[in-house]
Amino acid sequence: PEGPAEKAGIKVGDEIISVNDVYALNLSNRRLFEMLQGEAGTKVKISLSRKGVVMNKEIERRLLVNELAYK
């Protein structure tokens, strides 16, 4: 909740087409996750499809804490 993707308007069900202009539809989830990671404060460009409409988003990375790990 309230992570970088949500702030950028990305929703559950959106399909990531590319990350930083690299085609991503044929990538494994692990590889896609690796491409999205980076130093907090840097930005990543994502093209995605929502119900057939292609959108471009820029997301600022930040440090995420998994709160479930502390319960």
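Good morning. I begin with Tyr-23, which lies in strand E2, residues 22-23. Helices (H or I, at least four residues) and strands (E, at least two) are DSSP runs, numbered from the N terminus. This is a predicted model, in which local features need pLDDT of at least 70 and side-chain atom pairs count only at pLDDT 80 or more, while totals for chains, interfaces and linings use all residues. Residues are numbered from 1 along each chain as its sequence is written, and side-chain values use heavy atoms, with hydrogens and water left out.

Let me place this strand in the whole. The protein has 2 helices and 4 strands, and along the sequence they follow the pattern α-β-β-α-β-β. Its C-alpha atoms fill a box of roughly 40 × 20 × 20 Å along the principal axes.

I turn to the sheet. The 4 strands form an open, antiparallel sheet in the order E2-E1-E3-E4; two strands pair if DSSP finds at least two bridges between them. E2 and E4 are the edge strands, each with a single partner, so one side of each has no neighbour in the sheet. Helix H2 packs on the sheet and touches E1 (15-19), E2 and E3, and its direction makes about 55 degrees with that of E1. Here contact means heavy atoms within 4.5 Å; axes are lines fitted to C-alpha atoms, for helices over the stretch in contact, and angles run from 0 to 180 degrees between N-to-C directions.

E1 and E2 are joined by 2 bridges, and they form a hairpin with 2 residues between them, where Asn-20 in the turn has a positive phi of about 50 degrees. Ser-18 has Tyr-23 as its bridge partner in E2, and Ser-18 also stands opposite Ser-47 in E3. E1 and E3 share 4 bridges. Ser-47 in turn stands opposite Asn-56 in E4, and E3 and E4 pair over 8 bridges.

Which residues does Tyr-23 touch, not counting those up to four places away in sequence? They are Ile-17 and Ser-18. Tyr-23 and Ile-59 are 36 residues apart in sequence, and their C-alpha atoms are 17 Å apart.

The largest nonpolar core has 10 residues: Ala-8, Val-19, Ala-24, Leu-32, Met-35, Val-44, Ile-46, Leu-48, Met-55 and Ile-59. Such a core is a set of buried Ala, Val, Leu, Ile, Met, Phe, Trp, Tyr and Cys residues joined through side-chain atoms within 4.5 Å. H2 (29-36), E3 (43-50) and E4 (53-60) each supply at least two of its residues, and E3 gives the largest share, with 3. Leaving out residues up to four places away in sequence, Met-35 touches Val-19, Val-22, Leu-27, Val-44 and Arg-61.

Conventions:
Buried means under 20% relative accessible area, exposed over 50%, partly exposed in between (1.4 Å probe, protein chains only).
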